[in-house]
Amino acid sequence: MTTQAPRFWRSIPQRYNLSGTHCTRCNEYFFPPRNLCPNCRRGAHLEEYTFGGTGTVVTFTTIYNATEEFERLTPYNLAIIQLDEGPKITGQIVSSLTVPKIGMRVRPVFRILGKEGDRGIIYYGTKFAPLIEPENKEEKK
Amino acid sequence: MRSVSIIGVGCTKFGERWDVSLRDMIAEAGVMAIEDAEIVGEQIDALFVGNMSGGRFIEQEHIGALSADCAGLSRLHIPSTRVEAACASGGLALRQAVMAVASGYSDIVIAAGVEKMTDVSSGTAADALAAAADREWECFFGATFPALYAMMAKLHMRRYGTTHDQMAAVAVKNHHHACMNPIAQYHMEITVEDVNKSPMVADPLHVLDCSPISDGAAAVVLAPTEIAKKLSESPIRIIGSGQASDTLALHDRRDLTTLDATVHAARSAFAQAGIEPRKVDVAEVHDCFTVAEILAIEDLGFVEKGLGGKATEDGLTALGGDIPINTSGGLKACGHPVGATGIKKAYEIALQLRGEAGKRQVDEAEIGLAHNVGGSGGTALVHIFTR
């Protein structure tokens, strides 16, 4: 992947803090932020919204064969996660001890996502880890 | 709107074609189609060429002009347009050509597709293909194409009880069909066990669940049906053309086990054709991964949602079954030069409807369908043909 510094710099708020948008007219939440709401289009009232980051695994896979930059991580788990506010996002599930499950609850963790060689910039961002809900102390099945 | 027909088809051998270039292949397929149509260059009004990533695969853009040049048409100054919609580039080129003829703007139009993928390393090719996904919000986090389809597969298994053996049955069938297709990349029978034992790429998809990296080109010649009847003894009418789009990223879709773009493209193509899915005798669907064929036969309306795996396992989609799917061998075994794939599907359906498909001929095929998907479902095209 060809990524230059400005391209990453532009999306730091989204990648570091899961900053997205909320349309107060239709009450739908979007991640990443959208310039136009697909429901209300130009009639939308969009405001910035920072997601809590907790969510539920909708589906997942374990990747054994990756592109060059991710090869060192294989095998790694990738999932589509539905955030509690509604939008779905793609992200890695970290944790060598837990095998992901559909329906598993997750929380965000701040991690290195990649680097441009030994002297290039380092990309940080959000991955997800299993969430132990305080009320039942057990992983949701 | 004028009725449009195919009057000539051509397709190169698909595979690892280290001995030929993109230029050689587009010229070969184009000349075959022109000779099959028995027309001359002066009669051609326009060219549309599907090509996903000449820039990444051979560091060459401007494939429209290049194709006309390679086909020996430069001195006729025929307008030539390169069309891109990732793996649906060929299908989209066909639709652009159909619209040019149907509108009355052009009479004789060539729709072609070409991709030369093996001049670069497999890593570079995989990265070029990943550009069809959402680079910023999928690939950035480590998503690969097999991973996206694997996540659809995982959810389909969970919801509908689809098994990996049922997915493997798609690969087994398509390899069997490819053995009867002279242009196919693989002439090799495989078993469900072979698929299961092949290395895992992205759980539950193994290497033999994935389509290969390929070189190839295909072309078809279109004409208004009125003119086609005079030029050809066996014109193939295009009675439906549908196109739809959806979110670029898989995670933004309404349902992760349905390609809504396919559903919508099919709906408009079937409405235009005035027929029901059960009337289709033979179909080429987009099997970039085995699970993609299962999703396709459901989303096109050939089987009920959730029953695609079982239908495949029961042989309904094999040659001799209720609805033979991917008689060419599909992307899985005929090969998948991404820009050419959409045109190759039309080529295969034209051969089937003309009764020229040899050992893989579907008896008395009257209505055929070609389905082409870009990326994980951001674009879909459906064309319906009859003789």
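Several elements of chain B cover the buried residues of helix α1(B), including β1 (4-11), α2 (54-57), α3 (63-70), β4 (108-116), β7 (215-224) and α9 (225-231). This is a predicted model. Which residues of α1(B) are buried? They are L22(B), M25(B), I26(B), A27(B), E28(B), A29(B), G30(B), A33(B), I34(B) and A37(B). The helix itself covers residues 22-37, 16 residues in all. From first C-alpha to last, α1(B) reaches 23 Å. That is close to the 22 Å expected at 1.5 Å a residue. Just after the helix comes E38(B), with a positive phi of about 55°.

How many residues of domain 1 of chain B are in contact with domain 2 of chain B? The count is 40 residues of domain 1, facing 34 residues of domain 2. On the domain 1 side, the elements that give two or more residues are β1, α4 (89-102), β4 and β7 of chain B. Helix α4(B) gives the most, with eight residues. By class, this side of domain 1 has 24 nonpolar, 12 polar and four charged residues.

Chain B also touches chain A. The contact takes 29 residues from chain B and 26 residues from chain A. On the chain B side, the elements that give two or more residues are α5 (122-130), α6 (145-160) and β5 (200-202) of chain B. Which of them gives the largest share? It is α6(B), with six residues. By class, the side of chain B that touches chain A has 17 nonpolar, four polar and eight charged residues.

Strand β4(A), residues 55-63, is joined to β5(A) by eight bridges, and the two run antiparallel. Look for G55(A), which stands opposite L83(A) in β5(A). Strand β6(A), residues 88-93, is joined to β5(A) by six bridges, and this pair also runs antiparallel. Here N77(A) has I93(A) in β6(A) as its bridge partner. Strands β5(A) and β6(A) form a hairpin with four residues between them. In this hairpin, G86(A) takes a positive phi near 130°.

Note on methods
Residues are numbered from 1 along each chain as its sequence is written. Chains are lettered from A and ligands numbered from 1 in the order in which they are written. This is a predicted model: local features need pLDDT of at least 70, side-chain atom pairs count only at pLDDT 80 or more; totals for chains, interfaces and linings use all residues. Two residues are in contact if their C-beta atoms, placed from the backbone, lie within 7 Å. Ala, Val, Leu, Ile, Met, Phe, Trp, Tyr, Cys and Pro count as nonpolar, Asp, Glu, Lys and Arg as charged, and the others, Gly among them, as polar. The expected span of a helix is 1.5 Å times one less than its number of residues. A residue is buried if 20 or more other C-beta atoms lie within 10 Å of its own, exposed if 12 or fewer, and partly exposed in between; C-beta atoms are placed from the backbone. Two strands pair if DSSP finds at least two bridges between them.
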